[in-house]
Amino acid sequence: MNQKHLETLNSIISKRPATAPDSEIDQAILQAAKQHAAQRRNSVFSTSVNFVGHAGAALIVTTVFFTALAKIILPAPSNIAHGLDGITNSNKLSAATQAYSPDQVLLELSLPSVTDIIRSTEFMREDQRSAATMELISALADINNLLDQGELDLARTRYLELRERCYVCQLPNSLEAFALSRYKPPKSS
Amino acid sequence: MRLYASGSTRAFEVLYSRHKQKLHSFIRHQCGDDSLAQELTQDTWMAVIKQAVNYSAKAKFTTWLYRIAYNRLVDHWRKFGPSANVVTEQLQEPFADNEPCSDHIEYHQILEQLEELPREQLTALLLSIAGFSRNDIANITNSKPETVKSRLRYARNQLKAQIEV
């Protein structure tokens, strides 16, 4: 048996694999995977609910205590509107982020297109615009490929590289924020 | 795998489509019949699904996957005795008509000899062909790298000797 035989054998076995699993088995395996994933999500959720329950009770007690203390010690707040704005903004943010985990954001949401980014960016010179366009086309193709393969960390690294190289694009500081920048939460009735 | 463990079904679909064919081939080449291979393949993936939360990224995913598959095969052999290797049956059929006849006969001889190899040597050889390193094979088959090295050497020498006769 010489090297040629071995190479041939390698090629026969790798190029001509045995029969594939039945499509019924495919379905059964993928279905089981979905069910287990759902169970895991539910169990994480119920754990979180329990934790939030305990933490919430502790928070309420603490808040009541400090509010009472503040009323005694501090004068009344002069700018209530500013405080309300802050609450509204944080609520908006939590509505968007509660819907998806960071990994899900990358797996579920599609990224803004090159046209979207170029349209929303102001360029001082035309050569900046064309250089940024080239950079974005290449980087977004890489990032989308990596996301399709499930290589989320590599996609994040590639995004940070793009962000550094294309500073005029003023991209958000993370890939998740970049994906969310196009996300429009459903309007509540 | 970590993504799937955290609840992403899509991550599992990617993993499954990437590895299902090769894993099934690995099992099929060491199983007596196709339905048994299907069953063991399904068992392997079900174990992957159930053990996903315990998966640690210390070893490569493929090493972990094939180790589970190999353990399923060993369990089966222990329970029902060794099944015939079916390398020839599986690989002989798809030969294309346009391949030279002499090559066909030569390859057929090699494949027949593969079937005659002791089980551990065949497993090591199939894993080596699938691209695993000596250390990976040792990890999958729960043996020492030196043992794997000698199994591979014996397997190749035996094939070489048979073909030169």
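Helices (H or I, at least four residues) and strands (E, at least two) are DSSP runs, numbered from the N terminus. This is a predicted model: local features need pLDDT of at least 70, side-chain atom pairs count only at pLDDT 80 or more, and totals for chains, interfaces and linings use all residues. Residues are numbered from 1 along each chain as written, chains are lettered from A and ligands numbered from 1 in written order, and side-chain values use heavy atoms, without hydrogens and water.

**Chain A**

Select chain A. Its elements run α-α-α-α-α-α-α-α from the N terminus. That is 8 helices and 0 strands. Of its 189 residues, 27% are buried (under 20% relative accessible area; exposed is over 50%, partly exposed in between; 1.4 Å probe, protein chains only).

Go to helix α7, residues 152-165. R156(A) and D153(A) form a salt bridge there, 2.9 Å from N to O (a side-chain nitrogen of Lys or Arg within 4 Å of a carboxyl oxygen of Asp or Glu). The two are 3 residues apart, about one helical turn.

Stay in α7 for E161(A) and R158(A), also 3 residues apart. Their closest N and O atoms are 3.3 Å apart, in a salt bridge. R158(A) is buried at 13% relative accessibility. E161(A) is partly exposed at 39%.

**Chain B**

Now select K60(B) and D136(B). Their salt bridge spans 3.0 Å between the closest N and O atoms. K60(B) sits in the loop between α3 and α4, and D136(B) in helix α8, so the pair ties together parts 76 residues apart in sequence. K60(B) is partly exposed at 48%, while D136(B) is buried at 13%.

Finish on helix α3, residues 34-51 of chain B. Its buried residues include L36(B), W45(B) and I49(B).

Methods. The expected span of a helix is 1.5 Å times one less than its number of residues.
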